[in-house]
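Please look over the sequence and the model below.

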Amino acid sequence: MRFQMFPSVLFILLFFSNSDLGINLTFVSGQCLQGQKELLLELRNNLTYDSSFSTKLVQWDESIDCCRWAGVKCDTRGRVSGLDLSGEAISDGINGVSSSLFRLVFLKNLSLAQNSFSSIDLPFGFGKLTELSYLNLSNSGFSGQIPLDFSSLTRLVVLDLTNTIYSSLTLENPDLERLIRNFTRLREIYLDGVNISASGNEWCNAISSSLHNLRVLSLSNAYLTGPFNSSLVKLRSLSVIRLDGNTFSSPFPEFFAEFPSLRVLTISSCNLSGVVPAKLFQVKSLETVDLSGNRDLEGSFPEFPLNGSLQNLLLSYTKFSGNVSESIGSLRMLSNIDLRACSFSGPIPSSIKNLTQLVYLDLSINQFVGSVPSFAFLKNLTVINLRSNRLTGHIPDNLWEGLEQLDFLDLSENSLQGELPASLFVLPSIKVLDLNNNSFSGVIRDSFDSSSSPLEVLELNVNNFEGPIPRFLFELQNLSSLSLSANKFNGSVQLTDFQKLTNLVSLDLSYNHLSVHVSETAPVSSLFPRLGTLMLASCNLQKFPLLRNLSSLMMLDLSENQLHGEIPNWLWEVGDGFLRFLNISHNQFSHLQEPYTFGNHHYLDLHSNMLRGEIPVPPPTAVFVDMSSNNFSSPLPANIGDSLTSAFFFSLANNKIVGTVPPSLCNATRLQVLDLSNNTFHDRIPSCLFENTLGVLNLRRNNLSGDIPDTFPVSCGLKTLDLSLNVLQGEVPHSLVRCTEMEVLNLGNNDLTGNFPCWLKNLTRLRVLVLSNNKFHGNISCLGDGITWPNLQIIDIASNEFNGVLPENLFKDLKALTVNEDGRLDHLNFVFATVFHIYYQDSVTLILKGQGVEMGKILNIFTSLDFSNNHFQGIIPETIGELKSLYVLNLSHNALSGHIPGSIGNLEELESLDLSFNNLGGEIPQQLASLTFLSFLNLSYNNLVGRIPQGSQMQTFPGSSFLGNDGLCGFPLNKTCTDSGSPRSSSSSSEEDQNSTMEHGIYVSVALGFVVGVGVIFWPLVFSKRWRRCYNENINKVVFLVLRRQLENEDW
């Protein structure tokens, strides 16, 4: 929002004034000199203008004294002293110094503003008009260099060359300093949009050394740079400063707060930084301040002066922070407040109710807390935007009384709760009401007549509203957009219930508890002829809406319903073939009706259906294509990549596709995400795939073979590469080091060989590294030489042939595991910018608590280190205690020796610890008992001795966690300890007796199962879900006990 005194308005004011700058409009007939009249007529005859837009030139009557012509003013001697031809649609006719315009040498005031001299250079000749005190050529359409003869206009008081529409005037030769050096009388200069291209010292010194009486400085979008020169402070009369849209890239000049008469200060979008002095807002004369769009500019509010003059306070998209003082209520002239996208906090001051002149209030995208204050009886208020804060509490009816002009109210993305006050829907001027993403609840009251409501946009999505859709919504005849999604509305609703909303452009009923029924006879086009968006996801739809002939539809979401059978071929013709967004995922569609021809779709989501047959070739306009989780089993069409030239996302994951990966996919040069995982592709990976611009490549769980191509380019942009669960061979290609953006690298479960690829240390953005279940060998000593993985949170090299000792320094350098990460909980994903906000969710399979678990979403705080099933030797370094944010640690099935380091007790976040099947000795450190989050512990089959540490957490682990350590005693083992902490000799036989008894018990149980089988076991298993779950849990324990006993016998 800009507040600017338009030069043409200023000209009119000057014409009506009695000062030296103005001209009295009271004319005396017969004063015009004949020569002056002839010059004016010659000028009109030479001008090219559109008479249908002209209001002055078309009225010039030769029979009337020219001093009475529209736009003309004469002095007392009949000489033309003022000429206003602004807004006359003039396009040509002032051709150089010979123009009759430049022979009107007595002109003091001239305006050619708001014309259309397109592509015509600003002519020489203005320098002849040496009497000019006011010259306005703003937005006249002239282009090119400002002529040198302008510098002859030494009597100028106001110069306006503003060029905000055409932006083609330049000031290079002469430059700014040569142009204005003799303008000693100049009080107002407007060069907005003129290309001055001057540095801070140049333009600041030029102005301060020549324009001592300057009051208005307006140089917006003039290609000025910084830094500011303090010489400007000499201009003590400055009252208006407009410098918007320049690239100063410098700190805010503190001396701007020193101008005693400052009324207007606008320096928006100038890349300013630093801190704005609080005293600026205490300048009592200040009426408008606009610092918006300076994203690195900081500051805070002081106590505002009593009865200050401030009218417009615009600071959006800056780093202003702190509380807004209640003293803002003393600024009784304030009419516009725009503080969106700052960092303000604290409560919204209740004194806002005192701002009776307030028209526009935008506090959105901040961190305001507390309740919504009262805006009652602010009769001029038209806009309230409090979106995306941290507001809580209720919004009762009395907050909104008397808001007669309010037409926009946005309270979305807060934590407001309670029932919705009916008064919001009866505000007499309300057009937009957005309450989405809150915690409003209850049934919306339905007790008023809404047929005359002006409401056009109603957003209630993502709340907790319940009950049936209120009937008054069906009467809002001016409504163009209605969103009720993600609530708890229930009951049945017919699309025909909305038939009075004939202006509806967008309707969203998704994700409620509704059953939406569609008419089999009434086409949607007859109900909503202008409908552009229809969202009915998860609405228990059982039939396709009749969408034929709905030419306006561009977005359709019918996902997560009960639609089945074939996808009708007329669907692709909806919207005259321009259905941009289509989501029919999570249904039971079996095939596409033949014949079909795709339209100009951008977003095509068919995933999670039962589609079979030939894989559809997407339209060439598609940006997003997801056909994953279906039953496609045919090979990919060889030329499919030729149809993906616009695509950013393409997924056929979780199908049964056979054949090879077609090289034509390399022709999809804009592709960011390619996911062909969980199919049966075989043969080699096309090497060109790695040369493309992909950000995500997922070929997981196929039958791909051969080497990984060593063709990763210098410009590699891969962030996720998942080639796991294939039969790839060879070594990890060294060119992978070029993928410096890599965050997730999963090569697990292949037949890869070679030493540990130490050069992976150069992938500094890596967060997940999985090399498990391959044939890597050798030591990992290079990881102790200083690694640069500050973000690595998951490292899994289990089940290889690695050997040697664990590098001591490794555990100190894994920074993401050593420091608790502060910040917002999130998942690893790949985001790319499109209008549909698409992102790809990373996943990985890990061994957690002894079980293989596929993590469909990887939390950014989840951490794991798995070196199990290798041949590591030596001790566990004490430095492992540095990994304070580690969740999972698995060093099992190695040949590690020595003691368990007590520093493991520092791993306060640890939930799973597996050190089983090693040669660890000594006692279990008491510190383990302090790990309060530890839920899985396996120390079995080592050489541990002594008493098992006691503590509330240790009591939760079964005896199996400590098996195979003959020297251990104490709970939960059935071995009592002597006073010295060693097991009593009788415990061993006692344990054997118990195990023997357990085995006999198993056999008896099995025998009983056969005898009583059908009556006691079989029928409850069939008919009782609870019994079945209980039985499965217990039988698993029995099987585990038998297998464990068998292992013990084999080992010993």
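## Strands β47 and β49

Strand β47 (residues 703-707) runs parallel to strand β49 (residues 727-730), and three bridges join them. Two strands count as paired if DSSP finds at least two bridges between them. Within this pair, Asp-707 has Gln-729 of β49 as its bridge partner.

This is a predicted model: local features need pLDDT of at least 70, side-chain atom pairs count only at pLDDT 80 or more, and totals for chains, interfaces and linings use all residues. Residues are numbered from 1 along each chain as its sequence is written, and side-chain values use heavy atoms, with hydrogens and water left out.

## The sheet from β45 to β68

Both strands belong to an open sheet of 11 strands, with parallel pairing, in the order β45-β47-β49-β51-β53-β55-β61-β63-β65-β67-β68. The edges are β45 (682-683) and β68 (967-969). Each has a single partner strand, so one side of each is left without a neighbour in the sheet. Strands (E, at least two residues) and helices (H or I, at least four) are DSSP runs, numbered from the N terminus.

Strands of a sheet pair through backbone hydrogen bonds, either parallel or antiparallel.

## The sheet from β15 to β35

Another open sheet of 11 strands has the order β15-β17-β19-β21-β23-β25-β27-β29-β31-β33-β35, and its pairing is parallel. Here β15 (273-275) and β35 (513-517) stand at the edges. Each has a single partner, so one side of each lacks a neighbour in the sheet. Neighbouring strands of this sheet are turned by 15° against each other on average, direction ignored. Axes are lines fitted to C-alpha atoms, for helices over the stretch in contact, and angles run from 0 to 180 degrees between N-to-C directions.

Is Gly-418 buried or exposed? Gly-418 is buried, with a relative accessible area of 11%. Buried means under 20% relative accessible area, exposed over 50%, and partly exposed in between (1.4 Å probe, protein chains only). Gly-418 lies in strand β27 (residues 415-418).

β27 pairs in the parallel sense with strand β29 (residues 439-443) over two bridges. Gly-418 stands opposite Phe-440 in β29. Leaving aside neighbours within four places in sequence, Gly-418 is in contact (heavy atoms within 4.5 Å) with His-394, Ser-439, Phe-440 and Ser-441. Asn-438 is 20 residues from Gly-418 in sequence and 9.9 Å away in space, C-alpha to C-alpha.

## Helix α2

Helix α2 (residues 34-46) has 13 residues.

Buried residues of α2 include Leu-39, Leu-40, Leu-41 and Leu-43. What covers the buried residues of α2 includes β1 (48-49), β2 (72-74) and β3 (80-84).

Notes
Expected span 1.5 Å × (residues − 1).
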